[in-house]
Amino acid sequence: MNFELTEEQKMARDMARDFAEKEIKPVARELDREAKFPAEIVKKMAELGMFGVYVPTEYGGAGMDVVSYALMVEEISRACAGTGVIMSAHTSLVVDPILKYGTEEQKKKYLPLLASGKALGAHGMTEPEAGTDIAGIKTKAVKDGNEWVINGRKIFITNGREAGIYLIFAKTDEELGHKGLSAFIVERDTPGFSIGKIEHKLGIRASSTSELIFEDMRVPDENMLGERGKGFYIALDAYDGGRIGIAAQAVGIAQAAFEESIAYAKERKQFGRPIAEFQAIQWKIADMAMLIEAARLLYLKAAFLKDRGENYVVASAYAKLFASDVAMRVTREAIQVHGGYGYTEDFDAERHYRDAKITEIYEGTSEAHRLTIARAFLRGK
Ligand SMILES: Cc1cc2nc3c(=O)[nH]c(=O)nc-3n(C[C@H](O)[C@H](O)[C@H](O)COP(=O)(O)OP(=O)(O)OC[C@H]3O[C@@H](n4cnc5c(N)ncnc54)[C@H](O)[C@@H]3O)c2cc1C
């Protein structure tokens, strides 16, 4: 048992922290207020290798590990959770499945573009009538010669507006239920593909969330990812890894709220002394510290197992479920520590609270994670 990060992992974390402090934190409030996609920041993150952290160097990545990736997502999210999910959705939901299920040609063609950040990735599964129940998607792909003709639409797609490469899920064999789903790599300029409604959101406002529309969109057969009918499993696999990124995002949000609570508690005076001297505030600080540490250990364990090629399905469900709950609890208490000021835009506490909520919803809701965990135990892990 060894709780020490490697030198490389520490370097990755410190580099991301330094970058986030200098480049993201000063503008995070503005990005949130204006719902502005951080194009310049994303470009710089790409130059630092943050869009291909654990992609092997032969495909243009940084060749690091999943632990380093998760630590970096935490640090970026500590400054701006919207920027954190831009990186996380790109990596866990697009890069990872191509790395795992892509043919050599697909990997050579798409991974260098994604890992260098020349193209951002977006993952299109959710539809108006299919969220948790992904087998219920209606988007259809019909074979025509050596092409697939895709019709349908997706909603709530992170990076949808800015991406260059999309992983799109469609029904290729409707009668087969979840075994009738297939995954396709779609390039942005494909005729018949367009971007629809852009959502106005409660939090993570620096990231875009949009509708994708497919009207007789033709995708070559060679762009199917994995085998026909394996889309459901490819997606579930991607979400297992995605939970690590979202758990790290949640920890980053909580960590920021925690640090700001300490600073405020030491500075704010009531009854002639800093509120940090009141036991009620000290207990909040203690609980925050403990919860964040536990959540961080859970995501690191899941990332460690993924790096070792071991089963991490339950570990990543624990990590995401617990970390999202911690993010909600810590950010709520952070507002309480800040009192009335915490409820205003003058402090970041309210932004963290709004940002935290999404971590209980996307890449599987908290309810869905409880199902995953319970099923694993009821079936015997
Ligand atoms: C900001 C944002 C970004 C997103 N990014 C992406 C993206 O990049 N790509 C993508 O494909 N999707 C994305 N999503 C979609 C997201 O993954 C879904 O919103 C999520 O999976 C929940 O689906 P739903 O919204 O349809 O809720 P529903 O599935 O309708 O769930 C509603 C409620 O019912 C509960 N529920 C549903 N089924 C069960 C059950 N069997 N047992 C118990 N409770 C249940 C849920 O837990 C929830 O509380 C994003 C969503 C948002 C808001």
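## The ligand and its polar contacts

In this predicted model, a backbone N or O atom of His123 lies 2.7 Å from a nitrogen atom of the ligand, a polar contact being a pair of N or O atoms within 3.5 Å, where, within protein, one atom must be able to donate a hydrogen and the other to accept it, and residues adjacent in sequence count only if both atoms are side-chain atoms. A polar backbone atom of Met125 is 2.9 Å from an oxygen atom of the ligand, while the side chain of Thr126 has an N or O atom 2.6 Å from a nitrogen atom of the ligand. Taken alone, the ligand exposes 970 Å², and the protein buries 64% of that; accessible areas come from the Shrake-Rupley method with a 1.4 Å probe, and for residues only the protein chains shown count as cover.

Residues are numbered from 1 along each chain as its sequence is written. Because the model is predicted, local features need pLDDT of at least 70 and side-chain atom pairs count only at pLDDT 80 or more, whereas totals for chains, interfaces and linings use all residues, and side-chain values use heavy atoms, with hydrogens and water left out.

## The shell around the ligand

The ligand is surrounded by 18 residues, of which the closest are His123, Thr126, Thr132, Phe156 and Thr365; a residue is near a molecule or strand if one of its heavy atoms lies within 4 Å of it. By type, the shell divides into eight nonpolar, seven polar and three charged residues, where Ala, Val, Leu, Ile, Met, Phe, Trp, Tyr, Cys and Pro count as nonpolar, Asp, Glu, Lys and Arg as charged, and the others, Gly among them, as polar.

Strand β3 (147–158) and helix α10 (366–379) each supply at least two residues of the shell, and β3 gives the most, with three residues; helices (H or I, at least four residues) and strands (E, at least two) are DSSP runs, numbered from the N terminus. Domain 2 (122–231) and domain 3 (235–379) both give residues to the shell, so the ligand lies between them, with domain bounds that come from an automatic or database domain assignment.

## Strand β4 and its neighbours

Strand β1 (residues 121–124) is joined to β4 by four bridges, and the two run parallel; two strands pair if DSSP finds at least two bridges between them. His123, which also has a backbone atom 2.7 Å from a ligand nitrogen atom, has Leu167 as its bridge partner in β4. With strand β5 (residues 181–187), β4 pairs in the antiparallel sense over seven bridges, and Phe169 stands opposite Ala183 in β5.

Strand β4 (residues 165–171) is mostly covered, with seven of its seven residues buried, where buried means under 20% relative accessible area, exposed over 50%, and partly exposed in between (1.4 Å probe, protein chains only). Ile165, Leu167, Phe169 and Lys171 point one way from β4, Tyr166, Ile168 and Ala170 point the other way, and all are buried.

Strand β2 (residues 140–144) and β3 run antiparallel and are joined by five bridges, with Asn151 in β3 as the bridge partner of Lys140. The two strands form a hairpin with two residues between them, and Gly145 in the turn has a positive phi of about 65 degrees. Strand β3 also pairs with β7 in the antiparallel sense, over nine bridges, and Val149 stands opposite Arg218 in β7. Strand β6 (residues 193–198) pairs with β7 in the antiparallel sense over four bridges, and the bridge partner of Ile198 in β7 is Ser210.

Two residues in this part of the chain call for a separate note. Asn159, in the loop between β3 and β4, has a positive phi of about 70 degrees although it is not a glycine, and counts as buried at 0% relative accessibility. Asp216, found in strand β7 (residues 209–220), has a positive phi of about 50 degrees although it is not a glycine, but Asp216 is exposed, with a relative accessible area of 51%.

## Residues of helix α4

Val95 lies in helix α4 (residues 81–101) and is buried, with a relative accessible area of 2%. The C-alpha atoms of Val95 and Pro112, which are 17 residues apart along the chain, are separated by 10.0 Å. Ala81 is also found in helix α4 and counts as buried at 1% relative accessibility; the C-alpha atom of Ala81 is separated by 26 Å from that of Glu267, 186 residues apart along the chain.
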